[in-house]
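Subject: Structure for you to look at

Hello,

Here is the structure I said I would pass on. Please open it next to this email and follow along; my notes come after it.

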Amino acid sequence: MKGCLVIALLSSGCTCEGPRQRRVFTHTEDIERFSLANASYIPKAILQRANAASVFIINPSGTCSGTLVSLAGKAAQIITNAHCFRDRIGRAVSCKQTSVVFSMESERLMANCRPGTLRIDRHVDLAVFMLQTKSALPRRYQPLKIWQGKLSPGREAFIIHHPDVHETQLHNRIVFDKAVTGLDCYVLGRFPWYLRMEADIFLHGLSHSCDIASGSSGAGLIDFATGKLLGVVWGDVVLSNDEEVRQLNGAIHSRYVRRFINAEPLDPPPWWWPFGG
């Protein structure tokens with residue numbers, strides 16, 4: 001490879017260790033305002049399941065996306081990014097300051113983060129917490145299951161998220177309307193070896209081709225065929241040298257999402273390990 005390699009990490013305020021950060025997203029043309037018509041290419045049952053589990057997160061750090069998920073033997077929890085709990089100058093944002101919005105075509109429901117349930121790992125940019133609600137969520141809001149096993153490049157996926165492409169007002173708060181990215185949206189594989197050596201977010205991550213923007217952080221990368229969570233979106237990285245500029249969108253692999261929710265050691269494979277497994 002000729003010339004100097006320049007790396008820039010792109011996300012909505014990511015404070016993780018790693019390359020110098022920027023907040024620019026170069027590809028957003030495949031982000032569409034969510035509707036059953038705009039996402040009619042996604043199997044209807046899978047789309048409705050993912051739509052019900054996808055949430056909008058609001059706290060003093062700004063806004064993020066997230067997903068209601070569950071593992072066997074555990075209550076449903078919200079999975080999102082750790083950087084969603086740091087404000088612009090790096091101060092921690094508490095669970096008590098965090099609200100979650102569930103939105104369907106005809107309704108919006110709000111819930112709060114249950115104090116004492118928030119866990120964060122800044123190295124892999126993951127956060128998980130439980131909800132505090134006056135009553136149980138309606139049955140239509142069911143958590144997604146998390147993918148288990150090998151993830152091969154080329155697997156078709158989609159994202160339901162809340163990027164700052166469209167916005168409305170909700171109780172004097174700005175709400176970024178729900179969007180869907182499913183066109184040209186695939187798992188690409190592991191990050192290049194030199195990135196995996198540099199930071200845990202790459203070592204535990206997978207790259208994908210799905211368009212995202214500020215506000216997409218924390219959204220679920222969802223499997224097109226099963227509706228299971230393949231990963232948690234954190235942003236993108238731009239690699240450039242004298243010959244080319246290349247963008248790789250990133251998510252934390254479902255393998256580590258499962259381990260994080262279970263409070264297990266992440267135990268990543270060596271940086272040279274082949275993708276999958």
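A place to begin is the end of a helix: α4 is followed by Ala 263, and the phi of Ala 263 is positive, near 60 degrees. Please keep in mind that this is a predicted model.

Helix α4 itself covers residues 254-261. How many of its residues are buried? The count is 6 of 8, so the helix is mostly covered, where buried means under 20% relative accessible area. The buried residues are Ser 254, Arg 255, Tyr 256, Val 257, Phe 260 and Ile 261. What do they pack against? Their partners are the strands β5, β6, β9 (119-121), β10 (126-129), β19 (229-240) and β20 (245-253).

Next, the disulfides. A disulfide is a covalent bond between the sulfur atoms of two cysteines. Searching the whole structure turns up 3 of them.

Cys 64 belongs to strand β5 (residues 62-69), while Cys 84 sits in the loop between β6 (77-80) and β7 (99-103); the two are 20 residues apart, and the pair links distant parts of the chain. The link is left-handed, with -95 degrees about the S-S bond. Cys 64 counts as buried because its relative accessible area is 2%, and Cys 84 is buried with a relative accessible area of 2%.

Another disulfide is formed by Cys 95 and Cys 113, whose sulfur atoms are 1.8 Å apart. Why is it called left-handed? Because the torsion about its S-S bond is about -105 degrees. Cys 95 and Cys 113 are both buried.

The remaining pair to look at is Cys 185 and Cys 210, with sulfur atoms 1.9 Å apart. Here the torsion about the S-S bond is about 85 degrees, so the disulfide is right-handed. Cys 185 lies in the loop between β15 (179-181) and β16 (187-189), and Cys 210 in the loop between β17 (205-208) and β18 (220-223), so the pair ties together parts that are 25 residues apart in sequence. Cys 185 and Cys 210 are buried.

Regards

Terms used
Residues numbered from 1 in each chain as written. Predicted model: local features only at pLDDT ≥ 70, side-chain atom pairs only at ≥ 80, totals over all residues. Heavy atoms only, no water. Disulfide = S-S within 2.5 Å. Helix = DSSP H or I, 4+ residues; strand = E, 2+ residues; numbered from the N terminus. Buried < 20%, exposed > 50% of the residue type's maximum accessible area, 1.4 Å probe, protein only. Contact = heavy atoms within 4.5 Å.
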